[in-house]
Amino acid sequence: MTYRTRRLKQSSPTAIAVAFGFPSHRILILPLLILCGVLLGSTWPHSAQAGERWTDLYGKRTIEADFIGLWGNNVVLEMPGGRRLSVSMDQLIAESRIQARQLEEEQKRRRTESRSLIEADAKEAAAPAPTPLPEPPSVATYAPYSGSGDILSVLEWQANQFRNGHMLITAFDSLPPSYQVEIEQLVKRTVNKLDPTGTQQTLASIHSIGELIVTRQRWLFSYPRLANMDDVNRDMIKKLMLSLGGAIRDGFDPQELKLEDLGTQPLRQWIVNLDSKLAPYLASLSDLSETVGIAEMEFEVVGEENGKATVLSKFGDLAIPAEYEKVEGAWIQAGGPEGGLKEQLDKWKAWLAETPDGSLLSQGQATMITVIINGFTQPALDAQNAREMHAQMDNLVNGLTPIVTQVAAAYAMGRNNRNNGYDQSGYGDEMGYEDMDQSGDDLYEPGMDSMSSGP
């Protein structure tokens, strides 16, 4: 084969410079350029880097050039400076031919890997939810109360544990010991009133709501009525729904809730197990309340004497008074309009005495609940792509719109009556429930036109 450059001794600096297109009278500048490049951290272009070594059939001529690929029986090489040349495989020594084949196989492997990565990315982007499913941030471990017993420290401890999502175990541990024993007995008696089959059926239906929200979250939040919201409201609704969905999915899982364990396990331990599943989601909901501007609760003790206390619970400018009393070393809220905690427990006992065993969530009740819930969740869970799921969500929205409108109108009427004739029609127009169904189609079609329908 023929080369336009003159073959020079490879160890010669002059030969290297000429082979890479440097005039011989600039040889002395080359080391300085290299040194400056290293010191400045510059990135040399690909064509300036040393390529593979290629030798002709007779072993007399060797060049350094980057392998571009095979074209038929020719090796396409790129010389320093960017000039390309095509060399027949028959004009190369065996080592260079083997090198060309190996580099070609490496190129094929990389192309296959790149294609696989692109396909995997496309498949993941069209999937109903990320893989693996995102988990809520971890929360602080539950810390039992260790204060002096004054009402203010107890309330502040409760509020702090609530913020960390530990509402269930905090509420239980805040009760007087005798109340804890009585509640445990009442809970076990209540479980005996449940129909086991109907209970499992009902839990499975409720669980499907959380399953739908969490495992179809990409399709859910690409629904045009949600996707077309402004960023702030969309993010708030997304966090709210994922927190609720996660709590329902983990908290109402029939395989994990295990109500039957209440017959043999202490109630507190059962609550601890459930609390560990729900705390991250409840803490996320607590954070959300701050995001929407709900003021953090503060407490002001107006008076505390002889085991009784009056406390103002403050939310910004709103202050709600409450009376507390100390029972067996624990502070509990004194009776309100519905009576105190003791009165509520007595009503619970009376209700249980009138309720036959196995009558709660019987087959008829469970079937009614299941039909209502599964009527939407199951078709949505069976959807094969985003478009099919969005069609199911359209059906739900269209079905709920009249109900929401009626509820809003009733609320507005009650509010207007309380406000002595405040303009009733203003509420409906302000909320826009009547317009929601009409505007939905306008929002839906453009959103769907620009959306991938999934696999």
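A contact means heavy atoms within 4.5 Å. Among contacts in the protein chain between residues at least 6 apart in sequence, 62% join residues at least 24 apart. The model is predicted: local features need pLDDT of at least 70, side-chain atom pairs count only at pLDDT 80 or more, and totals for chains, interfaces and linings use all residues. Residues are numbered from 1 along each chain as its sequence is written, and side-chain values use heavy atoms, with hydrogens and water left out.

The protein chain holds 17 helices and 8 strands. Both are DSSP runs numbered from the N terminus: helices are H or I with at least four residues, strands are E with at least two. The chain has 455 residues, and 33% of them count as buried. Buried means under 20% relative accessible area, exposed means over 50%, and partly exposed lies in between (1.4 Å probe, protein chains only). Accessible areas come from the Shrake-Rupley method with a 1.4 Å probe; for residues, only the protein chains shown count as cover.

Helix α7 spans residues 196–215, 20 residues in total. From its first C-alpha to its last it reaches 27 Å, close to the 28 Å expected at 1.5 Å a residue. That expected span is 1.5 Å times one less than the number of residues. The buried residues of α7 include G198, T202, H207, L212 and T215.

The peptide bond from T131 to P132 is cis, with omega near -5°. P132 sits in the loop between α3 (94–126) and α4 (151–163). K258 has a phi near 50°, positive in a residue other than glycine. This lysine is in the loop between α11 (254–257) and α12 (267–291). K258 is partly exposed, at 36% relative accessible area. N306 also has a positive phi, near 55°, and is not glycine. N306 is in the loop between β5 (298–305) and β6. N306 is exposed, with a relative accessible area of 73%.

Strand β6 covers residues 308–315 and contains F315. F315 is partly exposed, at 30% relative accessible area. Together with V292, I294, M297, L318 and I320, F315 forms a nonpolar surface patch of about 490 Å² accessible area. Patch residues have over 30% relative accessible area and no salt bridge; like charges are joined within 9 Å, nonpolar side chains (Val, Leu, Ile, Met, Phe, Trp, Tyr) within 5 Å. A salt bridge is a side-chain nitrogen of Lys or Arg within 4 Å of a carboxyl oxygen of Asp or Glu.
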